[in-house]
Amino acid sequence: MAHLRGDDKRQYVAEMFARISPRYDLMNSLMTGGLHHRWKRETARFTAAGLQGAALDVATGTGDLAFALARCPGIDRAVGVDLLSEMLTIAANKPAASDKCTASTSFIMGDALQLPFPDNAFVCATAGFSLRNMADVPAAIAEMARVVSPGGRVTTLELTPMPPGIRAALGRLYFHRFVPLMGQVVAGDRTAYTYLPSSVDYFLTAEGLAEVYRQAGLVNVGYRRLGLGGVALHHGEKPR
Ligand SMILES: C[S@@+](CC[C@H](N)C(=O)[O-])C[C@H]1O[C@@H](n2cnc3c(N)ncnc32)[C@H](O)[C@@H]1O
């Protein structure tokens, strides 16, 4: 199903995440040994560094990256947007949502391909582990660039095909054999966790995604690999 495009992909993805939402956080923690929290903190800190104002997390899901942004110095408000009320309800009920030490965090339903915000509304925008699920990746990056103000930052944290080698072979074994089994046992949904590794196979290379950033008009574009190389943090800036 990772080959789907357009509205078919949007619908498939929406139904899948609605189904797995109750076990989504637990599965993330099990699959990454808890590392996804560290990667999200790192992404938020990098994204918000030196900026002051409101931050956006696109396709926020259960809100971890939005909360991480809200904890960054300089960020006075974080907004998480997602297609699904099932995911956003979990986000809004997390203890972090009422944590008085963080900037205020709010969640709204919306489509990453048509963000419900005016141009230049945020100092930065992030998206975590969601681009692979989008029907149109260039449109998603272009929308993030549109709502960020000049001098602001766009970043994405995403699974990425690994360069060929022993790590890639081990990664494939883990993702294609072990993860679907874990999905079946823990989330009761082998199909969703078979889609996950396939969606990486169909996704852009890290360099290909960097090129999408450049095509969206972003500058100082770059990326670095995390987690043995299977995760990439891409970044770019909107020209002043
Ligand atoms: C794998 S989850 C990632 C959630 C969260 N960002 C994280 O890092 O844990 C993918 C999320 O993307 C959302 N999503 C997929 N397509 C979307 C779109 N077009 N607009 C908004 N959200 C979308 C799904 O509803 C889901 O919550």
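Among the 46 residues of the largest nonpolar core, those touching the most other members are Ala55, Leu69, Ala125, Ile141 and Met144. A nonpolar core is here a set of buried Ala, Val, Leu, Ile, Met, Phe, Trp, Tyr and Cys residues joined through C-beta atoms within 7 Å, and a residue is buried if 20 or more other C-beta atoms lie within 10 Å of its own, exposed if 12 or fewer, and partly exposed in between, with C-beta atoms placed from the backbone. The model is a predicted one, in which local features need pLDDT of at least 70 and side-chain atom pairs count only at pLDDT 80 or more, while totals for chains, interfaces and linings use all residues. Residue numbers start from 1 along each chain as its sequence is written.

Leaving aside neighbours within four places in sequence, Met144 is in contact with Val58, Ala125, Ala127 and Val154, where contact requires that the C-beta atoms, placed from the backbone, lie within 7 Å.

Seven strands form an open sheet with mixed pairing, in the order E3-E2-E1-E4-E5-E7-E6; strands (E, at least two residues) and helices (H or I, at least four) are DSSP runs numbered from the N terminus, and two strands pair if DSSP finds at least two bridges between them. The edges are strand E3 (104-109) and strand E6 (219-226), each of which pairs on one side only. On average, neighbouring strands of this sheet are turned by 15° against each other, direction ignored; axes are lines fitted to C-alpha atoms, for helices over the stretch in contact, and angles run from 0 to 180 degrees between N-to-C directions.

| Strand pair | Sense | Bridges |
|---|---|---|
| E1 and E4 | parallel | four bridges |
| E5 and E7 | antiparallel | seven bridges |
| E6 and E7 | antiparallel | six bridges |

Within these pairings, the bridge partner of Leu56 in E4 is Ala125, Glu158 stands opposite Ala232 in E7, and Arg224 stands opposite Leu233 in E7. E6 and E7 form a hairpin with four residues between them, and Gly227 in the turn has a positive phi of about 50°. Strand E7 (residues 231-237) is largely enclosed by the rest of the structure, because six of its seven residues are buried.

The buried residues of H6 are Val137, Ala140, Ile141, Glu143, Met144, Ala145 and Val147, and what covers them includes E1, E4, E5 and helix H9 (206-215).

In helix H7 (residues 166-187) lies Phe175, which is buried, with 20 other C-beta atoms within 10 Å. Not counting residues up to four places away in sequence, Phe175 touches Pro197 and Val200.

**The ligand shell**

The ligand is surrounded by 19 residues, of which the closest are Ala59, Gly61, Ala112, Gly128 and Ser130; a residue is near a molecule if its C-beta atom, placed from the backbone, lies within 6 Å of it. Helix H1 (6-20) and helix H4 (64-70) each supply at least two residues of this shell. The shell divides into eleven nonpolar, five polar and three charged residues, where Ala, Val, Leu, Ile, Met, Phe, Trp, Tyr, Cys and Pro count as nonpolar, Asp, Glu, Lys and Arg as charged, and the others, Gly among them, as polar.

Definitions and conventions:
Two residues are in contact if their C-beta atoms, placed from the backbone, lie within 7 Å.
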